[in-house]
Amino acid sequence: MDLSPVEIKVNVEGDVPAAVSALGGGNGPMTTRRIWFAEDRDGVSEGRLPLLTGGVIVRFRIGGGGDDLTVKLRPCEREQLVGRFAAPFEVRPLTYKIEHDWSPAGRVLAASLVRDHPPGALSGAVAPGGDPALPVDAVQDQFLHACAPDVPVDALVALGPVLVTKFDDVPLDDLEVDLEAWSVAGLEFLECSIRVKPKDGDDAEEFVARAERKQRKLLDAVRGRGVTVSEHAENKTKRVLTALAMATQH
């Protein structure tokens, strides 16, 4: 394993407001945003999710300050990340990250290229009749063509919105946890997450061991407050996209 940061996630189901309260999320500032995902238009009309199946996620976040558009590969392999996308970079308004996603269901590598936009700039792209492919900029397009050349991203449809409420840096035992509640299409989730970054002098074994300790602490902290951890093997993005695509069929 390389020494890319690790984002550790735990999903909670059931009574989300009660879980937020039990975990202390109601005590600090919160941000509310709306999220749309873009998928292949023809695929969705046929009940398929070609982008997600190919490991590509196109996500629009609107509100809570500025807008942003993320193009993400998850799961991906290190060998896919070629050229300028072999290492993280930040050249405003672009931020490119490579990190590992850990959850009780498994561990995967993810690479994401985020472009910030002014408030409201993306609203037209996700509105009925809008073109979600239009705001994908040249570098994001290059990223997809270089690192996921077999996944066509052109004729897209926006699926959403998902209402997202986020509570940042919530103290939980000796951790600082981000809580993110998602609500859409009859589904409610709460994601609890922390990020573990490598330290100077870490080798792979030390870094993995520290991340595993943090993962155990996060699970213990959530369960210790009487909150039930989800046992769904599918991540929330797949479950939400599946629900949204099904809703378009009715």
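In the description that follows, Ala, Val, Leu, Ile, Met, Phe, Trp, Tyr, Cys and Pro count as nonpolar, Asp, Glu, Lys and Arg count as charged, and the others, Gly among them, count as polar. The model is predicted, so that local features need pLDDT of at least 70 and side-chain atom pairs count only at pLDDT 80 or more, while totals for chains, interfaces and linings use all residues. Residues are numbered from 1 along each chain as its sequence is written, and side-chain values use heavy atoms, with hydrogens and water left out.

The structure holds one cavity of 30 Å³ or more, a cavity being, on a 1 Å grid over the protein atoms alone, a set of points where a 1.4 Å probe fits but cannot get out. Grid points are joined across faces, edges and corners, and the volume is the space filled by probe spheres set on the points; for the largest cavity this volume is about 30 Å³. Its lining, made of residues that have an atom within 4 Å of a point, consists of Phe37, Ala38, Glu39, Leu51, Leu52, Val56, Ile57, Val58 and Leu241. These lining residues divide into eight nonpolar, no polar and one charged. At least two residues of the lining come from each of strand S2 (30-40), helix H3 (50-53) and strand S3 (56-62), where helices (H or I, at least four residues) and strands (E, at least two) are DSSP runs numbered from the N terminus.

Six aromatic pairs are present in the structure, a pair being two rings of Phe, Tyr or Trp (its six-membered ring) whose centres lie within 6.5 Å, with planes under 30 degrees apart counted as stacked, over 60 as edge-to-face and the rest as tilted. The ring centres of Phe85 and Phe143 are 5.1 Å apart and their planes stand at 50°, so this pair is tilted. It links distant parts of the chain, with Phe85 in the loop between strand S4 (67-76) and strand S5 (89-91) and Phe143 in helix H5 (residues 138-147), 58 residues apart. Buried is taken as under 20% relative accessible area, exposed as over 50% and partly exposed as in between (1.4 Å probe, protein chains only); Phe85 is buried at 1%, and Phe143 is buried at 0%. Phe85, Phe89, Tyr96 and Phe143 form one aromatic cluster.

The structure contains 17 salt bridges, each a side-chain nitrogen of Lys or Arg within 4 Å of a carboxyl oxygen of Asp or Glu. In one of them, Arg74 is joined to Asp101, with the closest N and O atoms 3.3 Å apart; Arg74 lies in strand S4 and Asp101 in strand S6 (residues 94-103), 27 residues apart. Arg74 is buried, with a relative accessible area of 10%, and Asp101 is buried at 8%.

Glu212 forms a salt bridge with Arg107 at 3.0 Å between the closest N and O atoms, and both Glu212, at 27%, and Arg107, at 45%, are partly exposed. Arg107 also lies over the face of Trp102, at 3.7 Å from the ring centre, a charge being over a ring if NZ of Lys or CZ of Arg is within 6 Å of the ring centre and within 35 degrees of the ring normal. Lys236 likewise has two contacts of this kind to report: its charged end sits over the ring of Trp182, 4.3 Å from the centre, and Lys236 forms a salt bridge with Glu191, with the closest N and O atoms 2.6 Å apart.

Note on methods
On a 1 Å grid over the protein atoms alone, a cavity is a set of points where a 1.4 Å probe fits but cannot get out, and a pocket is an open set with protein on both sides within 12 Å along at least five of seven lines; lining residues have an atom within 4 Å of a point.
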